[in-house]
Amino acid sequence: MNAIPLIFTSGWASGVNAYAVVLLLGLLGRFGDAGSVPPVLERTDVLVAAGVLFLCEAVFDKIPYVDSVWDAIHTVIRPIAGATVGALLASHDPGSLGEVAAGAVGGTTALVSHGIKASLRMAINTSPEPASNIAVSLLEDLSVAGLVVLAVFHPWIAATGAAVLLVLGGLLVWFAVTRIRRFLQRRRERRAARAGVPVAAG
């Protein structure tokens with residue numbers, strides 16, 4: 001049972017920044033004496049690869065429009081990473097979920113959080129100045145780092161935080177979509193008014 005909140009939290013975090021999750025878990029396992037981390041994540045080759053990819057993401061994720069392309073590429077990668085990390089965590093703690101169930105939890109949570117992240121980034125890119133992208137990206141990185149570290153030592157508290165962020169993210173996406181639809185509707189109405197064409201309410 002101890003691995004379940006860690007699987008859920010790592011799934012949420014993988015949907016935001018999968019490479020940071022692998023890197024942080026590996027470092028905590030190798031140097032922080034975190035017994036809940038599977039040894040495979042502590043390997044040097046895994047840490048180096050995760051570190052290089054994390055640096056790439058740290059750059060691309062802060063550039064308007066490039067971040068959305070990066071998110072599109074990772075629509076498959078992040079859920080797979082969440083599922084893989086979940087399965088590894090379960091295999092390291094046989095008394096919790098089975099590996100398939102853990103992979104499903106991690107992958108599904110990662111897919112949902114990735115969808116929220118990508119949707120919010122597209123909304124932010126409607127005003128493509130770099131300050132907002134950099135600020136949001138840094139906030140995401142800090143949230144991932146904080147929750148992953150917390151999940152290793154206080155898993156249920158971290159899982160609660162991840163669940164709250166999922167709900168808040170979903171609400172923000174709904175709010176952003178509503179605002180964008182209203183903006184597009186008003187723009188259509190203004191164009192139609194200039195052209196003298198009636199517009200149906202919608």
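Tutor: A term to settle at the start: exposed means over 50% relative accessible area, buried means under 20%, and partly exposed lies in between. Note also that this is a predicted model.

Student: Fine. Is D33 buried or exposed?
Tutor: D33 has a relative accessible area of 71%, so D33 is exposed. D33 is in the loop between α1 and α2.

Student: What about the phi of D33?
Tutor: The phi of D33 is positive, near 55°, and D33 is not a glycine. Most residues other than glycine have a negative phi.

Student: Switching to the inside. How many residues does the largest nonpolar core have?
Tutor: The largest nonpolar core has 31 residues. Those with the most contacts inside this core are I7, W12, A13, V21, L25, V144 and V148.

Student: Which elements give two or more residues to this core?
Tutor: α1 (3-31), α2 (44-60), α3 (66-92), α4 (99-124), α5 (130-153) and α6 do.

Student: And which gives the most?
Tutor: α1 does, with 12 residues.

Student: Back to the surface. Which residues gather in the patch of positive charge?
Tutor: R179, R182, R186, R187, R188, R190, R191 and R194 do.

Student: Where is R190, then?
Tutor: R190 is in helix α6, residues 155-195. With a relative accessible area of 42%, R190 is partly exposed.

Conventions
Residues are numbered from 1 along each chain as its sequence is written. This is a predicted model: local features need pLDDT of at least 70, side-chain atom pairs count only at pLDDT 80 or more; totals for chains, interfaces and linings use all residues. Side-chain values use heavy atoms; hydrogens and water are left out. Patches are made of residues with over 30% relative accessible area and no salt bridge: like charges are joined within 9 Å, nonpolar side chains (Val, Leu, Ile, Met, Phe, Trp, Tyr) within 5 Å. Accessible areas come from the Shrake-Rupley method with a 1.4 Å probe; for residues, only the protein chains shown count as cover. A salt bridge is a side-chain nitrogen of Lys or Arg within 4 Å of a carboxyl oxygen of Asp or Glu. Lys and Arg count as positive and Asp and Glu as negative; His and the chain ends are not counted. The place of a charge is taken as NZ of Lys, CZ of Arg, CG of Asp or CD of Glu. Helices (H or I, at least four residues) and strands (E, at least two) are DSSP runs, numbered from the N terminus. Buried means under 20% relative accessible area, exposed over 50%, partly exposed in between (1.4 Å probe, protein chains only). A nonpolar core is a set of buried Ala, Val, Leu, Ile, Met, Phe, Trp, Tyr and Cys residues joined through side-chain atoms within 4.5 Å.
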